[in-house]
Amino acid sequence: MKTERTVILPWLLSASLALAQTFVPRAGPDPALGQAEYDRFCPSQNGTIKTLSPSSSVVVHCDAIPRLPVLGDREWTASMEDCGLWCENMGTACMASFWDPRDGACYWSGAQAVEPRTKYVSLVQMTSLDSCDKEKEQCFKAKAQCLNDKAACLKAKGECEKREQTCLRDKKNCEGREQTCLRDKKNCEAREASLRRDLQARNREIARFRERTPCM
């Protein structure tokens with residue numbers, strides 16, 4: 001009897017293992033994890049770009065759900081990042097994934113557009129063009145912020161220079177008043193010394209007068 005053997009090509013095995021290790025599934029619903037992941041992302045990361053792998057980036061949308069959701073197909077992933085990787089593994093069919101914090105379920109959608117939905121978190125897959133446009137927008141915003149900061153710094157510098165000039169004038173005036181006070185003090189001390197000498201001279205004259213004049 002001839003035995004049939006299935007031959008698995010090494011590159012196919014490696015690709016399958018890599019795909020299987022892209023994200024870690026979990027057993028089932030976990031409300032605590034679902035809420036914890038929501039709190040980790042929202043609202044702090046709303047509108048930001050998050051890199052999931054060298055070939056995948058997503059835009060985070062808090063309190064939003066993609067249009068055309070596929071609610072009949074879900075995955076229990078260990079994190080919201082894994083939810084995004086699950087979508088990436090589907091290829092071009094999946095354009096966005098979203099997280100339900102009530103039980104930590106991950107769903108997918110074939111649309112990138114999102115609409116408001118409280119407590120859900122959408123991870124919209126980005127194409128290379130999307131990434132460039134988003135990075136360009138962020139660069140423009142950063143440049144505008146830098147220009148605003150520069151203008152604020154120049155304004156603050158001008159105000160500091162004005163205050164410095166005022167302080168220098170006040171210092172010069174204080175030094176002038178100090179010199180005047182020192183001169184006045186020196187004049188007062190000289191006047192005091194002169195008056196003391198005059199007083200001593202008068203006291204000596206009075207003493208001599210008393211010596212020459214007999215008591216009546």
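**Disulfides and nonpolar cores of the chain**

The S-S bond of Cys 42 and Cys 62 has a torsion of about -95 degrees, so this disulfide (a pair of cysteine sulfur atoms within 2.5 Å) is left-handed. The structure is a predicted model, in which local features need pLDDT of at least 70 and side-chain atom pairs count only at pLDDT 80 or more, while totals for chains, interfaces and linings use all residues. Residues are numbered from 1 along each chain as its sequence is written, and side-chain values use heavy atoms, with hydrogens and water left out.

The sulfur atoms of Cys 42 and Cys 62 are 2.0 Å apart. Cys 42 sits in the loop between helix 2 and strand 1 (49-53), and Cys 62 in strand 2, so the pair ties together parts that are 20 residues apart in sequence. Helices (H or I, at least four residues) and strands (E, at least two) are DSSP runs, numbered from the N terminus. Buried here means under 20% relative accessible area, exposed means over 50%, and partly exposed lies in between (1.4 Å probe, protein chains only). Cys 42 counts as buried because its relative accessibility is 8%, and Cys 62 counts as buried at 13%.

How many disulfides does a search of the whole structure find? The search finds 3. Another of them joins Cys 83 and Cys 106, with sulfur atoms 1.9 Å apart. The torsion about its S-S bond is about 80 degrees, so this disulfide is right-handed. It links distant parts of the chain, since Cys 83 belongs to helix 3 and Cys 106 to strand 5, 23 residues apart. Cys 83 counts as buried, at 0% relative accessibility, and Cys 106 also counts as buried, at 0%.

Cys 87 and Cys 94 form a disulfide as well, with sulfur atoms 1.9 Å apart. Here the torsion is about -110 degrees, so the disulfide is left-handed. Both of these cysteines are buried. With the bonded cysteines numbered in sequence order, the pairing reads 1-2, 3-6, 4-5. Cys 160, for its part, is partly exposed, with a relative accessible area of 41%.

Next comes the wider fold. The chain has 4 helices and 6 strands, and these follow the pattern α-α-β-β-β-α-β-β-β-α along the sequence. Of its 216 residues, 26% count as buried. Contact means heavy atoms within 4.5 Å. Among contacts between residues at least 6 apart in sequence, 67% join residues at least 24 apart.

A nonpolar core is a set of buried Ala, Val, Leu, Ile, Met, Phe, Trp, Tyr and Cys residues joined through side-chain atoms within 4.5 Å. In soluble globular proteins, nonpolar side chains tend to be buried together. The largest nonpolar core in this chain has 19 residues, and those with the most contacts inside it include Phe 41, Cys 42, Val 60 and Val 121. At least two residues of this core come from each of helix 2 (31-41), strand 2 (56-66), helix 3 (80-89), strand 5 (105-109) and strand 6 (114-125). Helix 3 gives the largest share, 5 residues. Which residues does Val 121 contact, leaving aside its neighbours within four places in sequence? Among them are Tyr 38, Cys 42, Val 60, Met 80 and Trp 99.
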